[in-house]
Amino acid sequence: MRLVYYGTPALAVPPLLRLYQDRRAPILVVTRPDRPSGRGLQTGASPVRRAAESLGIPVVTPERAGAADALASLRALSPDLLLVAAYGQIFPPALLSAARLGALNVHYSLLPRWRGAAPVQAAILAGDAESGVTTMWMTEGLDEGPIFCSRATPVDPDEDAGSLGARLATLGAECLAETLDWIERGEIVKTPQDAARATLAPKVRAAEARLRLTEPAILLARRVRAYAPEPGAYLALSGGRLLVVAAAPGESAAVASAGAGAGAPAGTILRVDPTRGLEVALAAGTLWLRRVKPAGRREMAAADYANGARLKTGARLPLQDAE
């Protein structure tokens with residue numbers, strides 16, 4: 001089959017590599033234009049572009065995949081099937097119908113749960129016990145098309161979006177390979193989704209990554225995992241953002257029974273432990289900060305941060321605003 005592959009982030013690289021390994025290399029890869037990134041804001045190619053070029057696959061980077069000139073170039077290739085994995089743009093009807101068989105999306109959730117741009121983060125925030133991948137025929141509706149196949153996997157309680165996303169990308173490559181096997185045998189499956197079970201996972205906004213100590217410990221710990229490594233959950237301190245790389249709910253019951261920290265304001269340091277980190281009082285309960293990254297500095301153990309900042313038991317984090 002003549003395949004055209006659309007993808008942008010690292011999440012979309014394993015399916016592309018699997019296509020190449022299975023001798024199904026796309027005739028063209030379409031990815032988002034190079035964007036400024038990093039501290040120096042230097043222009044950088046997307047992970048998919050770098051992967052495709054390393055394999056010798058032609059790459060194009062249109063501003064809009066559905067623009068008239070991009071569509072004309074695509075149609076000239078007479079593709080059989082468009083394959084999409086985390087490309088980052090909505091496909092208009094003209095693009096969806098540009099290939100003989102249509103467009104197939106590798107979506108990183110068990111549809112219809114978590115339709116939208118951030119399914120991995122949404123699954124962790126919700127405390128889902130399992131996640132997975134789905135190959136879905138694309139329609140005009142947001143991730144509403146009929147399902148071809150899906151594969152589930154448990155979500156580890158300590159897993160963050162980076163590690164879960166990497167596992168799902170590998171699983172997605174396997175699911176896509178299986179889907180193409182079926183299509184090549186003439187077995188095209190289109191199972192409608194149950195719209196009544198649909199949930200939405202909209203694009204992550206930077207403001208959602210802020211940790212507010214008025215929230216429950218379990219939600220704060222999930223927020224840290226959901227936004228690691230990007231955009232990174234953080235505490236807003238008077239000296240700048242304190243990125244929280246790893247955290248866990250504290251032992252509020254044990255602390256209260258021992259009389260330590262009872263009634264302490266949110267942000268009060270209850271314990272500094274070389275192994276477990278920094279236990280901080282919340283409005284209700286406590287949170288262990290395990291690994292942090294202060295503004296302009298390297299990532300470190302939370303206990304090392306406390307020692308360097310001279311934060312001792314009973315002191316309070318210099319929160320920017322009252323929590």
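Predicted model: local features only at pLDDT ≥ 70, side-chain atom pairs only at ≥ 80, totals over all residues.
1. **One face of helix α2.** Start with helix α2, which covers residues 47-54 and has Val48, Ala51 and Ala52 as its buried residues. Looking down the axis of α2, you will find these buried residues within an arc of 95°, so they line one face of the helix. Their packing partners are β1 (3-7), α1 (13-21), β2 (28-30) and β5 (59-60). After α2 comes Gly56, which has a positive phi, near 80°.

2. The side chains of Arg49 and Glu53 form a salt bridge, with 2.9 Å from N to O. Both residues belong to helix α2 and sit four residues apart, about one turn of the helix.

3. **Arg151 and its two partners.** Next, have a look at Arg151, which is partly exposed at 27% relative accessible area. Glu174 counts as partly exposed, at 32% relative accessibility. Arg151 also meets the side chain of Glu178 in a salt bridge of 2.4 Å, N to O. Because Arg151 lies in strand β9 and Glu178 in helix α6, this pair ties together parts that are 27 residues apart in sequence. Glu178 is partly exposed as well, with a relative accessibility of 24%.

4. **Salt bridges across the structure.** How many salt bridges does a search of the whole structure find? The count is 16. Some of the charged residues form a network: Arg18, Asp22, Arg24, Asp181 and Glu184 are linked by salt bridges.

5. **The second largest pocket.** Finally, find the second largest pocket, which holds about 220 Å³ of space. It is lined by 15 residues, and those closest to its centre are Pro157, Asp158, Ala221, Arg225 and Ala247. Helix α7 (217-226) and strand β11 (240-249) each give at least two residues to the lining. By type, the lining of this pocket has 10 nonpolar residues, five charged ones and no polar ones.

Note on methods. Residues numbered from 1 in each chain as written. Heavy atoms only, no water. Buried < 20%, exposed > 50% of the residue type's maximum accessible area, 1.4 Å probe, protein only. Arc of directions from axis to C-beta. Contact = heavy atoms within 4.5 Å. 1 Å grid on protein atoms, 1.4 Å probe; cavity = no way out; pocket = protein on both sides within 12 Å on 5 of 7 lines; lining within 4 Å. Points joined across faces, edges and corners; volume = space filled by probe spheres on them. Nonpolar A, V, L, I, M, F, W, Y, C, P; charged D, E, K, R; others polar. Salt bridge = Lys/Arg side-chain N within 4 Å of Asp/Glu carboxyl O.
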